[in-house]
Amino acid sequence: MTSASVGFHCPECTRSGAQQVYRARDLEVVPRLIYILMGLSIVTFIAQGISSGGSGFTSGEVVDRGILFGPLVREGEYWRLVTSGFLHADLFHIGLNMYALYLFGPAVERSVGALRMALIYLGGLLGGGAAVMLFNFTAPTLGASGAVLGLAGGLAAILWSRGIAITQTSLGALFLLNLALPLLVPGISFWGHFGGIAGGFIVGWLVSFLPGKFGQPDGVANGLAVVAIVALALLGIVAAEMGGVGI
């Protein structure tokens, strides 16, 4: 028998009642998917520089084959809706987007898991592309801003599902800044930012509100999120075939 604070415990009870000590870093979820996305963007950026022959990052075969450009998407090059999100114009551009991805990505991945984080990221990416195809059809567009802002939009939806309004966080100011900046600084895509926020928020709402507020199974929420992503992709393709609506 083993002496305890109250009476005695048998050896079997002592072994079964032994407590396991966990450190904070043992419980932390490593955002591996975020690092993979960052790595893909960095590798693509290096490939841009190599393919341009040292003339910058906005020319060369990698950019020519991957940039989002409405007339080429209309000709059937639909992959540009995705590949454009991994291209960047210069060091400042990629640095800012990777910092924002590192800032928002881990919070989303730890909140809803890697799969749902990937769905939200893809929703932002395709939402931004669809908006560009609709309203800025002939503007060549590149960058991860739409996808990254999609994560911010998804995070806003996740917080909202937990009773935290956007006004209680810094996300509201972030959205206003990123929607106002393109109106003040030439060369920044307003529709890419707007569509990214909207697409990420929609997917984030589906994967957080349905299970949390309406008790729907995770599989249903994930399935509807996939449907929303396919709808955004189809919207971009249809908008390209129409030549956009223009505003």
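Predicted model: local features only at pLDDT ≥ 70, side-chain atom pairs only at ≥ 80, totals over all residues.

Let me begin with helix 7 and helix 8, whose axes come within 7 Å and cross at roughly 50°. At that angle helix 7 and helix 8 are therefore oblique to each other. Their crossing is left-handed. As for what sits in the contact of helix 7 with helix 8, the residues divide into 16 nonpolar, 9 polar and no charged.

Which residues does L142 touch, once its neighbours within four places in sequence are left aside? L142 is in contact with I67, S84, L87, H88, A89 and H93. Please keep H93 in mind from that list.

Next is helix 8 with helix 9. Their axes come within 11 Å and cross at roughly 150°. The cut-off for roughly antiparallel is over 145 degrees, and helix 8 and helix 9 are therefore roughly antiparallel to each other. This crossing, of helix 8 and helix 9, is left-handed. On the helix 8 side, the residues that meet helix 9 are L149, A152, G153, L155, A156 and L159. Helix 9 answers with L171, L174, F175 and N178. By class, that contact of helix 8 with helix 9 holds 8 nonpolar, 2 polar and no charged residues.

Helix 10 passes helix 11 in a right-handed crossing. Helix 10 brings G199, I202, V203, L206, V207, L210 and P211 to the contact. From helix 11 come D218, A221, N222, L224, A225, A228, I229 and L232. The classes in the contact of helix 10 with helix 11 are 12 nonpolar, 2 polar and 1 charged.

The largest pocket holds about 840 Å³. How many residues line the largest pocket, and which of them lie nearest its centre? There are 39 lining residues, and H93, N97, S145, I188 and H193 lie nearest the centre. H93 is the residue I asked you to remember, as one of the contacts of L142.

Helix 7 (91-135), helix 8 (145-161), helix 9 (171-184) and helix 10 (190-213) each supply at least two residues of it. Helix 7 gives the largest share of the lining, 12 residues. By class, the lining of the largest pocket divides into 22 nonpolar, 16 polar and 1 charged.

To put the pieces together: helix 7 and helix 8, the left-handed pair I opened with, are both among the helices that line the largest pocket.

Definitions and conventions. Residues numbered from 1 in each chain as written. Heavy atoms only, no water. 1 Å grid on protein atoms, 1.4 Å probe; cavity = no way out; pocket = protein on both sides within 12 Å on 5 of 7 lines; lining within 4 Å. Points joined across faces, edges and corners; volume = space filled by probe spheres on them. Helix = DSSP H or I, 4+ residues; strand = E, 2+ residues; numbered from the N terminus. Nonpolar A, V, L, I, M, F, W, Y, C, P; charged D, E, K, R; others polar. Axes fitted to C-alpha atoms, helices over the stretch in contact; angles between N-to-C directions. Parallel < 35°, antiparallel > 145°, perpendicular 65-115°, else oblique. Left-handed = near helix turned anticlockwise from the far one by under 90°. Contact = heavy atoms within 4.5 Å.
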